[in-house]
Amino acid sequence: MTATRTPSDQSTSKPPRRPGDRIFASTARGAGILILVILAGVTAFLLYEALPALTAPAEEIPGDEGLVSYIAPLLFGTLLSATIALVVATPLAVAIALFITHYAPRRMALWLGYVVDLLAAIPSIVYGFWGITWLAPKLVPFYRWLEENLGFIPLFAGPTSATGRTMFTVGLVLAIMILPIISAISREVFLQVPTLHKEAALALGATRWEMIKMAVIPYGKSGIIGGSMLGLGRALGETMAVAIILSVSGGITFNLISSGNPSTIAANVALEFPESTGIDVNTLIASGLALFLITLGVNMLARWIVNRRADFSGAN
Amino acid sequence: MSVQTPPTPLSGAGAATPMQQRVEGTLPRWAPTAVFAGAAVAAALLSGFNIALFVIYTVVLGTLAVYVVSRVREGRRRAADRTVTSIVTSAFGIAMVPLVALIWEVVSRGAERLDAEFFTASLYGIIGEGGGAYHALMGTLIITGLTTLISVPIGLMTAIYLVEYAQGRLKRAITFFVDVMTGIPSIVAGLFAYALFVLIFGPGIRLGIMGAVALSVLMIPVVVRSAEEVLKLVPLELREASYALGVPKWRTITKVVIPTAIAGIGTGVTLAIARVIGETAPLLITVGITNATNFDPFDGRMATLPVYAYYQLTQPGVPPEFAIDRAWTAALLLIMLVMGLNVVARLISRFFAPKTGR
């Protein structure tokens, strides 16, 4: 935030109001309010279409056991895959951001940033194609190794899926997809670290790592947290990659490398919706509403954390 | 502001000559690279050319070896520093593996059917060999065009409102909710469009325009954010000069502010199109799929490139290989569209940048 005066602060040089001015201003205002209306509309229409499923008797919901037990495994799958993605992606993304801001030669840094951003440009369905044909088969030997050596941990109990289309593979693909988001925001805050703080650390004889540990990480911490929560929001709602890669069967399980996995809410909607009619559609919309509320909560929290940081960055 | 300092604080900040680099007790500059090359060779032997294990072994072995060598020659603190350098550099390398592998895979598989028939034929009456994605390509262009027509006016006017007019709580609310809107999952946007149109047309409805509405929910916040950023960059002096000449505010905005920022707005809009053109999930549930060519977004199902690719891969029919080839070519086409739009965006910002003499 280098601009201290925004144009709207200017009340002294106001030109006279004319009809054209009033029309233009109210159109602009209307567009802004329309955004709020759309967001409210998303909630309202989803709620309205989800109502029949919310009020329907349990045996009419697919699975015959009511809405809660229909959504619970999906919700579990959504949270599990997003958690794996977050655990894998956050350290990697922070390291990449550090590499680009503090390790790479400065002239290359901009281009390396572009290259990482390319990961964000690839459509999610292409990740699905790549995940199922390239990544999943290549991970099978690794899963075998995990099962043999770490099988006592419930996460890797096996039996190993022969196709590699497991929760773990999905988590890794999601991690790749959210990597550019987290690293972009981390990069931004790392660049805001006051140069004086870094130079002070170096002048005291700190190595580069000690400088990063003392000056960069503490300053950028909330950016890292906010960025990874935005990544979490993206991972929770990711649809096509999961729908293509994950082999779905069975309910809630922590076993990450077997062929029986719970689906995720988004992937389940994409897989079931085209063939559904009647109350099934309302059920899917109800699950979508649950997903919407969760991502809304995560994103609002993330924005709040990131924006709180922005208030303080007047330091430089 | 990245501060480039050699990891050897004793040799001074930034001004180390080659002589000082070789001070007793420090490793030569090529040492970490050499150690990592050795680790890669060892990993290749150990892993039997399995790519996942190879990457893991290389990173672990290389980092360990760098730590040990540096610990012996340089002491604990510099060993830690070198270890982190290795980890951070390998992290970047690891991130490049999927990017390179993915592009290689899509290009090599998709190039097979990248022929004239793919661009001129639809799937109407096609079983097995041949056929193309003409109908899907046109569908994608029509729906993306409609999305742009809906999103750009709303997004641009909102950005103008935020930068030029808004104050106080409404401004904060809109800014915050635009941010929140960027995080809406694409499938939820699709469900919203379905829930909206089902009230008017009844259940089971599939229309091209529904897809455009769903994609607009995803595109508007991107347009707002990028337009807002560039409008803020227009110098206040330009506005003041215009006001001083007695020009009304709305003429100032349309004749001075927007022309100055047009390059940035163009870049932002292009990037926003690139963001939505590859979206699959919302189109899957609002537009559906068809094998025939349909140019009318207000009448029935349309084919779109991402949905086409999805169905060709997951429901290839018998024999499967022809449909799967078509799926990969469609995926390649999608990547080319997205990357092409990204390049166009950069070109716009380079060649149409304002000449304000700042």
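This is a predicted model: local features need pLDDT of at least 70, side-chain atom pairs count only at pLDDT 80 or more; totals for chains, interfaces and linings use all residues.
Local features need pLDDT of at least 70 and side-chain atom pairs count only at pLDDT 80 or more, while totals for chains, interfaces and linings use all residues. Residues are numbered from 1 along each chain as its sequence is written, and chains are lettered from A and ligands numbered from 1 in the order in which they are written. The predictor gives the complex an ipTM of 0.86 and a pTM of 0.86.

**Confidence in chain B**

- Over residues 1–24 of chain B, pLDDT stays under 50.
- For residues 1–24 of chain B the model has 38 contacts beyond four places in sequence; two residues are in contact if their C-beta atoms, placed from the backbone, lie within 7 Å.

**Fold and dimensions of chain B**

- Chain B has 14 helices and 0 strands, where helices (H or I, at least four residues) and strands (E, at least two) are DSSP runs numbered from the N terminus.
- The C-alpha trace of chain B spans about 80 × 75 × 35 Å along its principal axes.
- The radius of gyration of chain B is 27 Å, whereas a compact globule of 358 residues would have a value near 21 Å; the radius is taken over C-alpha atoms, and the globule rule is 2.2 Å times the number of residues to the power 0.38.
- Of the 358 residues of chain B, 48% count as buried, that is, with 20 or more other C-beta atoms within 10 Å of their own, C-beta atoms being placed from the backbone.
- Among contacts in chain B with a separation of 6 or more, 69% join residues 24 or more positions apart.

**Domains of chain B**

- Chain B is assigned domain 1 (17–111) and domain 2 (119–351), with bounds from an automatic or database domain assignment.
- The centres of domain 1 and domain 2 of chain B, taken over C-alpha atoms, are 41 Å apart.
- Contacts between these domains of chain B involve 4 residues of domain 1 and 5 residues of domain 2.
- On the domain 1 side, the residues of chain B that touch domain 2 are 2 nonpolar, 1 polar and 1 charged; Ala, Val, Leu, Ile, Met, Phe, Trp, Tyr, Cys and Pro count as nonpolar, Asp, Glu, Lys and Arg as charged, and the others, Gly among them, as polar.

**Interface between chains A and B**

- In the interface, 89 residues of chain A are in contact with 92 residues of chain B.
- Helix H1 (residues 19–55) of chain A supplies 19 residues, the largest share of the chain A side.
- The chain A side has 58 nonpolar, 20 polar and 11 charged residues.

Key:
A residue is buried if 20 or more other C-beta atoms lie within 10 Å of its own, exposed if 12 or fewer, and partly exposed in between; C-beta atoms are placed from the backbone. pLDDT is the predictor's confidence in each residue, from 0 to 100.
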